[in-house]
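Let us walk through this structure together, starting with how the chains meet and then turning to the fold of one of them.

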Number of protein chains: 2
Amino acid sequence: MKKFNAEKETKNIIRFIRHYYKKNNLIGAILGISGGKDSAVVAALMTKALGKENVIGVTLPCHSKSEDKNDAKLISDYYQFKLQNVDLTNVFDTFKEEITTLGDFKDGEFKNSDINLKPRLRMATVYYLAALYSAVMGKTYLVVGTSNKCELYVGYFTKGGDSVHDIAPIADYTVEEVIKIGEYLKVPGKVLYKKPSDGLSNQIDEEKLGIKYSEIEAYLEKDKNLDGEIAQRIEKLHHNNLHKFNIPTYRRKESI
Amino acid sequence: MKKFNAEKETKNIIRFIRHYYKKNNLIGAILGISGGKDSAVVAALMTKALGKENVIGVTLPCHSKSEDKNDAKLISDYYQFKLQNVDLTNVFDTFKEEITTLGDFKDGEFKNSDINLKPRLRMATVYYLAALYSAVMGKTYLVVGTSNKCELYVGYFTKGGDSVHDIAPIADYTVEEVIKIGEYLKVPGKVLYKKPSDGLSNQIDEEKLGIKYSEIEAYLEKDKNLDGEIAQRIEKLHHNNLHKFNIPTYRRKESI
């Protein structure tokens with residue numbers, strides 16, 4: 001990776017967050033804590049920027065491993081922000097019951113639907129809590145995004161799920177840079193160096209993508225040593241996922 | 001309103017839809033049918049563009065009036081597309097049960113949370129079905145958006161709810177223009193001329209917004225006779241809702 005000044009970047013991000021909150025008269029931040037590095041680093045940034053009393057983390061298990069919840073607790077204990085738990089397993093199951101009334105489908109046909117339902121239910125829950133705590137406090141809580149630059153470039157997120165948020169502190173930093181910021185903020189190593197996984201597909205991200213994050217980073221840094229086939233694969237993923245960012249919209253030639 | 005050629009506009013929209021589907025090798029369209037004019041007009045456009053056999057409408061009641069479901073049936077009968085029903089009442093209630101475990105909140109504090117949860121659950125459901133039917137057919141179904149230009153300008157939609165979709169056929173048309181398109185497509189008058197309501201807040205849209213759609217239209221057409229105070233109010237709503245379109249994102253000065 002290129003030279004990276006983690007202290008400078010961290011301070012710039014914190015300044016950006018504080019400035020946006022002050023300008024818009026906001027108070028708090030709420031975010032899902034997955035037990036992975038991105039949400040841990042973002043939670044650390046938000047507590048530094050706003051004070052630990054204004055940050056709420058949420059664990060959102062949905063037929064999930066309890067290990068992830070323990071790692072989320074490790075992070076909230078370390079940075080001393082409030083951690084709420086909303087178990088979405090029953091909500092998911094109730095939803096599935098309604099779907100079975102629609103007709104006969106084969107088991108395999110549900111795979112993509114089920115995988116992407118979870119992040120969408122999580123998004124709905126985090127927004128629910130943000131509006132609830134905003135009502136309680138009489139001042140607005142924002143939902144904080146945790147996507148990094150590598151994931152965003154290849155579209156590795158769920159439209160209408162983790163892509164929906166109100167502020168994006170680490171969207172301009174690659175995976176390796178986010179780790180550097182995490183090291184500067186002393187994010188516990190157990191979480192910071194864990195292999196990224198979506199917790200949905202039983203695969204680690206890099207297996208699922210068929211590309212290493214270090215390769216996406218090399219691509220973004222225009223590293224000439226990167227294998228041409230890998231570069232092509234990254235570009236294809238990027239292209240195929242552009243629709244997640246720009247909704248094709250019919251517009252008249254002469255619009256009023 | 002300005003001169004408007006409904007036939008020409010309708011044909012252009014249909015051409016746009018067909019072109020996008022062909023270019024991307026897509027097959028079907030799925031959308032929530034609320035019983036209001038926007039989803040009726042969009043469903044009519046999609047059946048004309050793709051054929052009725054490739055359009056699936058969904059009613060998504062959630063503690064809702066059965067009247068809306070009847071009007072949805074009227075539309076699907078008229079245009080002869082398949083109509084599915086997924087009742088989200090139990091899902092909503094199961095979700096609320098989980099939330100009550102978090103602590104004591106006052107009834108009034110849930111108001112905004114509850115109102116916006118419904119369109120988010122609906123979005124998750126429509127995407128669930130889109131992926132399911134895509135798996136069944138081996139070709140992609142898109143989720144179709146039904147927002148019009150007036151609603152979009154003042155941000156009258158739920159972030160992470162009805163704003164999440166894959167193609168937007170009427171986003172460039174005002175309420176009155178959508179009605180003209182609906183008249184050209186012979187959308188049943190009971191639905192086409194119904195007073196728009198979100199079905200969430202027990203208020204019609206214009207009461208809730210404090211502005212008439214005809215006033216937003218006059219504003220967008222730069223009608224000089226529009227009351228200055230109303231213009232200011234529209235501009236304020238527009239400004240306050242810009243964050244729904246552009247997520248504030250920290251970016252480095254020198255990005256890799």
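## Where the chains meet

In this predicted model, 53 residues from chain A and 53 residues from chain B take part in the contact between the two chains. If you look at the side of chain A that touches chain B, the elements giving two or more residues are helix H1 (6–23), helix H4 (89–100) and helix H5 (111–137) of chain A. The largest share comes from H5(A), with 14 residues. Sorted by class, this side of chain A holds 30 nonpolar, twelve polar and eleven charged residues.

Now let us turn to the sheet of chain A. Here four strands form an open sheet, and you can follow them in the order E3-E2-E1-E4, with parallel pairing. At the edges you will find strand E3 (82–85) and strand E4 (141–143) of chain A, each of which pairs on one side only. From one strand to the next, the twist averages 25 degrees.

A:Thr59 has its bridge partner in E3(A), namely A:Asn85.

Which helices lie across these strands? One of them is helix H2 (residues 37–50) of chain A, which lies across strand E1 (28–32) and E2 of chain A and runs at about 170 degrees to E1(A). Another is H5(A), which lies across E1, E2, E3 and E4 of chain A, running at about 160 degrees to E1(A).

Technical notes
Residues numbered from 1 in each chain as written. Chains lettered and ligands numbered in written order. Predicted model: local features only at pLDDT ≥ 70, side-chain atom pairs only at ≥ 80, totals over all residues. Contact = placed C-beta atoms within 7 Å. Nonpolar A, V, L, I, M, F, W, Y, C, P; charged D, E, K, R; others polar. Pairing = 2+ DSSP bridges. Axes fitted to C-alpha atoms, helices over the stretch in contact; angles between N-to-C directions.
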